[in-house]
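This report describes selected local features of one protein chain. The sequence and the structure come first, and the text follows.

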Amino acid sequence: MTFPKSVRLVEVGPRDGLQNEPNPIDTATKLELIDRLGTAGIAYIEAASFVSPKWVPQMADHREVMTGLTRRQGVTYAALTPNLKGLEAALECGVEEVAVFGAASEAFSQKNINCSVAESLERFAPVLERAKQANVRVRGYVSCVLGCPYEGEIAPAKVAEVSKALYEMGCYEVSLGDTIGTGTPLAAKRMIEAVSRDIPMEKLAAHFHDTYGQALANLYAVLEEGISVVDSSVAGLGGCPYAKGASGNVASEDVVYLLNGLSIETGIDLNKLADTGTWITQTIGRPNRSKVGVALAAK
């Protein structure tokens, strides 16, 4: 059994977690969250989402967040930019890295971004080209890699097809998202095996939600396959507005506890991370979904 020696944790809480809260979170709270995460040793933070405030009012302050954060040396502050307009706005704010998101499910793509999978990929082409001109790296996301709320199971071959398209377009890394959290370890392994036939394993990331309590088991399974980048959200914040019942991303604290137990390096201070999870959930009045965070807070 072989595991990677180190894992890069991508913290999506400030963006993916908070944008799915029912009410907008004030800018000062977001900025403090980002700073606390950096203090805990998180080296990659998705800080904002440059989407239309009409559709995602929780992210209406994306400019204020990206221009107001205290940039720490060695920390990447990224933003989601689903289209060229969003990218241009992000570039004006000095963004270092951006992300685009597609789906392995036709039905989910239509519900989420109102176009087919093929059309979504076509929309990304000018975004990738403009980002390249600006010398800004682009990360790609694929949603519904282990299941869709409308289509059910998703074939690994379809995930591989969409992932390959994003990689060939210029995404330096492709994050594979179990958006509704229905995946199980064997399905996760088979999906990773299919995608890694076309994309080097070191260019792939796992983004698993914990709706059915399988996220850590699925992560363990793909770590065995060679995955060394994991997306997570402090305190398990987040969800998916297009998937009823879908809970948040796997909690960053729980992931770090698992990785520590496997002697995998992360560079993250678990106690500081757990304190951050306790603080943000108390501040916004939400339950802490991190079992590790709750256990440490009770000591």
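Ala-251 is found in the loop that runs between strand S8 (229–232) and helix H10 (252–261). The model is a predicted one. With a relative accessibility of 4%, Ala-251 counts as buried, because the cut-off for that class is under 20% relative accessible area. Apart from neighbours within four places in sequence, Ala-251 is in contact with Ser-232, Ser-233, Ala-235, Gly-236 and Ser-290. Leu-216 is 35 residues away from Ala-251 along the chain, and the C-alpha atoms of the two are separated by 9.2 Å.

**Helices H9 and H10**

Leu-216 also takes part in the packing of H9 against H10, where the contact is made by Leu-216, Leu-219, Tyr-220 and Leu-223 of H9 and by Asp-254, Val-255, Leu-258 and Leu-259 of H10. The axes of H9 and H10 are 11 Å apart and the packing angle is about 45°. H9 is therefore oblique to H10. The crossing of H9 and H10 is right-handed.

Tyr-220 belongs to helix H9 (residues 215–225). Its relative accessible area is 29%, so Tyr-220 is classed as partly exposed. Between Tyr-220 and Val-255 there are 9.6 Å from C-alpha to C-alpha, at a sequence distance of 35 residues.

Not counting residues up to four places away in sequence, Lys-189 touches Ala-221, Glu-224 and Glu-225.

**Helices H2 and H11**

How do the axes of H2 and H11 cross, and within what distance do they come? Helix H2 (residues 27–39) and helix H11 (residues 270–284) have axes that come within 9 Å and cross at roughly 170°. H2 and H11 therefore count as roughly antiparallel to each other, since angles over 145 degrees fall in that class. The crossing of H2 and H11 is left-handed. On the H2 side, the contact is made by Thr-29, Glu-32, Leu-33, Arg-36, Leu-37 and Thr-39. On the H11 side, the residues are Lys-272, Leu-273, Thr-276, Trp-279, Ile-280 and Thr-283.

**Helix H5**

Helix H5 covers residues 106–113, and Phe-108, Ser-109 and Ile-113 are buried in it. Viewed down the axis of H5, these buried residues fall within an arc of 100°, so they line one face of the helix. The elements that cover them include strand S4 (97–103), helix H6 (117–133) and strand S5 (137–143). At the start of H5, a side-chain oxygen of Ser-105 comes to within 3.4 Å of the backbone nitrogen of Ala-107. Just after H5, Asn-114 has a positive phi of about 60°.

**Positive phi and loop residues**

Which other residues take a positive phi of about 60° although they are not glycine? Asn-135 is one of them, and Cys-144 is another. Asn-135 sits in the loop between H6 and S5, whereas Cys-144 lies in the loop between S5 and helix H7 (156–169). Asn-135 is exposed, at a relative accessible area of 72%. Cys-144, by contrast, counts as buried, at 0% relative accessibility.

Gln-58 is also a loop residue, placed between strand S2 (44–49) and helix H3 (62–68). Its relative accessibility is 11%, so Gln-58 counts as buried. Leaving aside neighbours within four places in sequence, the contacts of Gln-58 are with Leu-18, Gln-19, Glu-21, Pro-22, Asn-23, Pro-24 and Lys-30.

The accessibility values of the single residues described above are set out here.

| Residue | Relative accessible area | Class |
|---|---|---|
| Ala-251 | 4% | buried |
| Tyr-220 | 29% | partly exposed |
| Gln-58 | 11% | buried |
| Asn-135 | 72% | exposed |
| Cys-144 | 0% | buried |

Terms used: Residues numbered from 1 in each chain as written. Predicted model: local features only at pLDDT ≥ 70, side-chain atom pairs only at ≥ 80, totals over all residues. Heavy atoms only, no water. Buried < 20%, exposed > 50% of the residue type's maximum accessible area, 1.4 Å probe, protein only. Helix = DSSP H or I, 4+ residues; strand = E, 2+ residues; numbered from the N terminus. Arc of directions from axis to C-beta. Contact = heavy atoms within 4.5 Å. Polar contact = N/O pair within 3.5 Å; in protein donor to acceptor, adjacent residues only side chain to side chain. Axes fitted to C-alpha atoms, helices over the stretch in contact; angles between N-to-C directions. Parallel < 35°, antiparallel > 145°, perpendicular 65-115°, else oblique. Left-handed = near helix turned anticlockwise from the far one by under 90°.
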